[in-house]
Amino acid sequence: MADIYDRADGYVQYATEHLGLDGGNAIYIKNRVLEILQSCGDGIDDEAEDKIFGELSLLPAEINSRFHSLEKASSKAATDWFYSYCVSNKYVKREKLDKNPRFESNGLIITINKAKPEFRDPKKAVSGNSVAGGYPKCSICRENEGFGGRNKRNLRTVDITLGGEKWFWQYSPYGYFNEHGIAVNCEHTPMHVDGTTFIKLMDFVDLFPHYFIGCNAPLPRIGGSVLAHDHFQGGGEVLPLHRAGAAYVLANDNYPHTICEIPDWKGTVIRLVSPEREEIAKLSEAVRSAWVGYNNEALGIIAEDGEGVHNAISPTVLKTARGYEMNIILRSNITSKEYPDGVFHAHPEYHAIKKESIGLIEAQGLFILPGRLEEQLKQIEGFIACGKKLPQEYAPFAVLYDEVISCGGDAHSAIMRSLGNICGRILENTAVFKDKRQTLEFVKNLGFKQL
């Protein structure tokens, strides 16, 4: 029994040093931890760790108070502290995330996420991963804070205001990039993008100018994994789209402080750049409004049919020395007999690599590939090294295999290059305009002139 008391003391000491535990609460917290340890036996699984760190962590009100106290001096100091706290209290699974393979190829960032299961069911996105009983209503409602039913006992959030509405900010436990977090509407309201969305996004980067923030398209197949609850995603990393130069630059006489760029990018993106919020908001809404009603049957673009609305946008913004940079990604979730998973989705020959929705993060050049690939790619590398033909069970990887064989040289390096090439072609699949001159014409119809 002595060992269990020593372990409890160790947790209390850790919480005192890293989680702000007040010494006056040490005995009480030790007893709470002891109760959990006594019910666990010898091992500490994920749920037991969640229970323990839920007890060790400061209560939500105190987290919120400390965050906003730091924010008065520096919003970056506040997010630095909050992120560090969420790593220390084990909500952000940093140790697991650091084991995810990550590399750059073909101008993209490629990651293999071993910590999170592959998501393949668009119906779950619409439901928002709701639970029986309706509490919490979905997986990102604020009522999850401390909720044991989803192992959220150590989840902590902080208040923010966007567009005059009450929202909150939290970090993702399985973050796809540095300081990956989500801003969530306090009201359980469905995902939507309208004129107010751009204002809220700019409000966020005004609060946290060291972060970018974006919004998934609010439609299945091209949106995120939770469409039932309004939320944004952002964090502290410059993604490949943010670095992309301009293929074309345009201006509009009615908006003298703003330029429009068509980025040199594989997807279809319109970038508005201005120090003036009002101009960005009005022009962003003009782009959105024009796109959601746009039809071009020759290109397979149908705004709406018996299956519903198909055109949507994914806006994402960051602040730079030039002002606000609003990248508006044009998306369509139309399907066809040839492409039942989506005409502007990853085509079937690439599904072995990526069949999940190509959402906001991938559309900006950071690909999150399923964890199964780590072992599958090792096997393929072995086949190539031994001069073995691709076995039948690996036939879905034929595109990658053939490309690596044709390149020759070191198999491992060639596989990494091929992954980057395939992800680049997947982005091209998602492009609604395959030729940037088509994007140019679309923008000109909004009153812009090429410079």
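**A quick tour of some loops and a helix pair**

With 23% relative accessibility, Lys90 counts as partly exposed. Keep in mind that this is a predicted model.

- Lys90 isn't a glycine, yet its phi is positive, near 70°.
- You'll find Arg221 in the loop between strand S6 (212-214) and strand S7 (231-235), and at 26% relative accessibility Arg221 counts as partly exposed.
- Tyr135 and Pro136 are joined by a cis peptide bond, with omega at about -20°.
- Pro136 belongs to the loop between helix H7 (122-127) and strand S3 (158-162).

**A buried glutamate**
- Glu356 is in the loop between strand S14 (323-332) and helix H11 (360-363).
- Its relative accessibility is 12%, so Glu356 counts as buried.
- The side chains of Glu356 and Lys354 make a polar contact of 3.0 Å.
- Glu356 and Ile222 are 134 residues apart along the chain, but 9.3 Å separates their C-alpha atoms.

**Two helices packing**
- Helix H13 (residues 398-407) packs on helix H14 (residues 411-430) at about 130°, with the axes 9 Å apart.
- H13 and H14 are therefore oblique to each other, and their crossing is right-handed.
- Among the contact residues are Val399 and Leu400 of H13, plus Ala414 and Ile415 of H14.
- By type, the residues of this H13 and H14 contact split into nine nonpolar, two polar and three charged.

Note on methods: Residues numbered from 1 in each chain as written. Predicted model: local features only at pLDDT ≥ 70, side-chain atom pairs only at ≥ 80, totals over all residues. Heavy atoms only, no water. Axes fitted to C-alpha atoms, helices over the stretch in contact; angles between N-to-C directions. Helix = DSSP H or I, 4+ residues; strand = E, 2+ residues; numbered from the N terminus. Parallel < 35°, antiparallel > 145°, perpendicular 65-115°, else oblique. Left-handed = near helix turned anticlockwise from the far one by under 90°. Contact = heavy atoms within 4.5 Å. Nonpolar A, V, L, I, M, F, W, Y, C, P; charged D, E, K, R; others polar. Buried < 20%, exposed > 50% of the residue type's maximum accessible area, 1.4 Å probe, protein only. Polar contact = N/O pair within 3.5 Å; in protein donor to acceptor, adjacent residues only side chain to side chain.
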